[in-house]
Amino acid sequence: MKPTAIREPAATGIVVAGLRKRYGTTPALDGMSFTVRPGLVTGLVGPNGAGKSTTMRVILGLDAADAGTALVDGRPYRSLRRPLNHLGSLLDAAAPHPGRSGRDHLLWLAHAQGLTARRVDQVIDQVGLTPAARRKAGGYSLGMRQRLGIAAALLGDPPTLMLDEPFNGMDPDGIIWTRRLLRSLAAQGRAVLVSSHLMGEMQDIADHLVVVGRGRAVADAAVTELLAAASGDRVVLRTPAAAHATRILTRAGATVTATGPHTGPDTVTVSGLPAERIVTLLGGNAVPFTEVTAHRATLEDVYLELTRETVEFPTSPQAPR
Amino acid sequence: MTRTATPHRPGGSESGRDGFPRVLHAEWTKFRTVPGWVSGTVTAALLVVLFAALAGISADQKDAPPVPIGPGGGPVTDSFYFVHRPLTGNGGVTVSVSALHSLIPTGPADLRPGAVPWAKAGLIIKDGTRPGSPYAAIMVTGGHGVRMQDGYVHDTAGPSGPATAASPRWLRLDRTGDTITGHASTDGTHWTKVRTVHVTGLGPTAHIGLFVASPPSVHGMGTRGTVSTAVFEDLRVHGHGGGGWTGEQVGPDSPTFAGYLANTTGSFTGSGGRLTVTGAGDVAPAVRETLPTGGTLADILTGTFAALVAVTVVAALSITTEYRTGLIRLTLTAGPSRARVLLAKAVVLGGVTFAAGLAGALLAVPLGERLARTNGVYVFPATSATELRVQLGTAATLATASILALSLGAVLRHGAGAVTAAIVALVLPHLLTAVPFMPADASNWLARVTPAAAFSVQQTLERPHQVTSIYTPYNGYYPLAPGAGFAVLAAYAAVTLAVAAVLLRRRDA
C-alpha cells in the first residue's frame, strides 16, 4: 500500500499517493493511493463513480488533484517531454473526430511525438484495424473505436499503459484479443493498468488488483492473495452421515458448520483441516461421503465482499443519501 | 500478437524535432485531415472570388458618361460656371469679390440662404473647358477664407474671413510659362502672395476668367445640391488674347455633377463694371458621395463578410468539437503544455486562413476590377501598393478573425455559442456599418471600437479636407487608418487568446 518502496528515480510505472479531489461538495477522490508495477497487469476495479476515471485523469494531468501526487516514471505527467513514450493511455471518452479517418487520428498523435507514419501503420496492424484505417472514424463501432484507442496507447511504445474500460462495447473476439494483448504487454515487462466496473473482466488477466470505493483503494493486493483470503481454507463436504462426520472432524480440530458457500441438505462446511486430511479421516472411520471440495472464491465474491459498504449507487430501491 | 517477450526498454527513442514544432505539426495534421475544415476554408476563399465576380457583372453602366479624371489620375469634380476668354502666353487677371451668397434647399421647391463653407468664387486659369483639364485658381470661399488651389487636390490658405461689400477681397492670378502665382489683398494695393504653383499641361493659349462653384451640402444622411452667387468688380486682364467674355457651365453632363436646383441656372450679368455670376458644382477631388456609381476595392471584396462567417465556423468548431467528442483529453495528453497546444492551433488556423484569404483576394481583385470595367463601372483608382495592402489586409483580417473565433471556442467550449459570439463580435458590426441609413456617428463608432474596425484595411478612398461629404464606412471611408483598424481586431484576438490560454491551464480538461 505504501508507495515509498517504489519511489527510486529509475522506477517505471505509476505511483499514486494520497489523491484528494472534490467536484463542488462531492468528494471524488478521498486519499487514493496505489502503485502500478512493471511486468504486471493491475486491475483497477470498483463501482461506477468510485473514482477510477478521475484517478486516471489526474494521472494524465488532465484534472488537477486538490492534494496528493501522481507520478509516471517518477515524474508528474505534465513534465514529461514526450509523454506518449512513457505512458500510453486510453480514456473512456477518447473518441476520434468523426470526420477524420482512424489512420489520420493516429497520424496527428504520432506527429505530436515526433513519430513516423510507419509507426502508425505498425500499431494499426497490431490492433487489426488495417481494413478500416482509412475510413472515417464516425462510422466505427464502439469496439473499433476501442481498438483505435488501444492503437493510440501503443503508439509511443511506452513502458506503461493505462486503459479505462477497454472492454466496453467489444464483441467476444475483441475481449479475448484484448486480454491476450494485455497479458503479452505485461509479459514484455510493461506496467499495465486496466480499469473496469465488472470484476469478471479481471478474471484471468489481472495479476494485481486495486479495488476502489468512494474515492479510495479499499484493497490493493495480488490476485492470489485476495482469492486465498476470501476462500479461507474451507472445504465443502457432502455426506449422508453429517452428524457422524461432524463428531470425527471436530475431534481432529476442525470447525464444522451447516452453513457456507454451498449450502444444502447433507452439506457442511469444514474449516481448519485440509481436504486430503478430511478424506483420510472419513475413510478411516468408514463415514460415507459423496463430495469433498476445497472451496475457491471467485473475484466476483471478493469484489462483492469488499465493495458491499462502498457502493455509491446500490441497486436497492432506497435512494442513497 | 507476435511480439517477443523481452523486457521492455523504457523511454522509447527521443530523436527528431522537439517542442513547439511537433505540436504545430500535429495540429496541422489535425486540421488537414478533417475534410469539412479544409472545404470550409476553401469555400471562404471562393466566396471572396464569387462575390467579386457578382459585384463585377451585376452593375451595367456602359452608357454612363465618362468620369472626369484629373492630372493626378484620380476622379474629379470639374463642374462650375466659367466666365472666360482666351489668354495667349504670359499675362494676368485681377478682380475684387464683394459678395458670395449660397442657397440651400429646405424642401422640394424651397431654397433658403445658407452657409456652404466650400462655395467658391474667384479667378481661374484653365486649359480649356474639358472636365479634368489642368488649372490653377485663387478664390474666396464661403467659410474658409481665400484659397489657392490647383490640380484638384492641392489647396493653400490665403487671408481668412469672408468677402463682403464692406470688406471685399481682391484676387490676382498671373501666368509666366507654366508658373502660376496667386495674390490676395484686402484693399487692392497691398498684395500678399498666396502661392506659386507649376501647372503642367497648360497650352500656349489658356482660358482665363471668373468662376463660381457651389458643392453639395450635407443634410443628415444625404447631400443636397446648392447654388451660389458672387459679385465681382474691377475685372482687369493684361496680356494677349482679346475677345469678349463667354459664360459657360463646365462639365454639365459630368457624372460628378448633380445639376442645378429647380428654377436655378448658371448665369452672369454685368452692369456698371459689376459682374454677378451664379454657379453650381465644384472643382475638387471626387468623393464617393459625388460619384456614387463608382466602385472601390472594398466593394469588390464584399465577399469578405461571407468568408468571415465560413472562417469563423471552421475556427470555432476546430476546438469545440474536441470538447464535444472528448478529443481534447487526448490532445492534452499528447501535448501536456496547454498554452503551447492553443498557440499551435492559433498558428495553424491563422496560417491556413491567411493563405486562403490571400489566394481569394489576389484572384478577386483583378477579376472584379476587370468585370466592373468591362461593364463600364468606374473603379476608384488604387496604386498597386495600396491594392496589395488591401489584399494582404483582407487575408490578415480573416486570419485574425479565425484566431478570435478559436479563442472564443476555447473559452466557451460550445460550438453554437462560440460561432454566435464570433458573429456578433465581427460580422454584425460590419453589417450594421454597411446599412446606408445608419447615422454616421454610430457607424463610425462601430468602425472604431468593434473588431469590425479591421475592415479599414480595405479602404482605398482618401478623405479630401476641402470636400464636405458623408465619410462613413458605408461610403468606403473608415474612421481609423488601415493599420489602426487592424490593430483593434488584433487586440481583441490577443486578449481573447490570452484569456483562453489561462482558462485552458486552470480548468480540468
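Trainee: What should I know before I start?
Mentor: This is a predicted model, where local features need pLDDT of at least 70, side-chain atom pairs count only at pLDDT 80 or more, and totals for chains, interfaces and linings use all residues. Residues are numbered from 1 along each chain as its sequence is written, chains are lettered from A and ligands numbered from 1 in the order in which they are written, and side-chain values use heavy atoms, leaving out hydrogens and water.

Trainee: Is Tyr152(B) buried or exposed?
Mentor: Buried, because its relative accessible area is 1% (buried means under 20%, exposed over 50%, partly exposed in between, with a 1.4 Å probe and protein chains only).

Trainee: And what about the phi of Asp234(B)?
Mentor: Asp234(B) has a positive phi too, of about 55 degrees. Asp234(B) counts as partly exposed because its relative accessibility is 36%.

Trainee: New topic: how far apart are Ser337(B) and Glu462(B) in space?
Mentor: They are 47 Å apart, C-alpha to C-alpha, and 125 residues apart in sequence.

Trainee: How exposed is Ser337(B)?
Mentor: Ser337(B) has 32% relative accessibility, so it counts as partly exposed.
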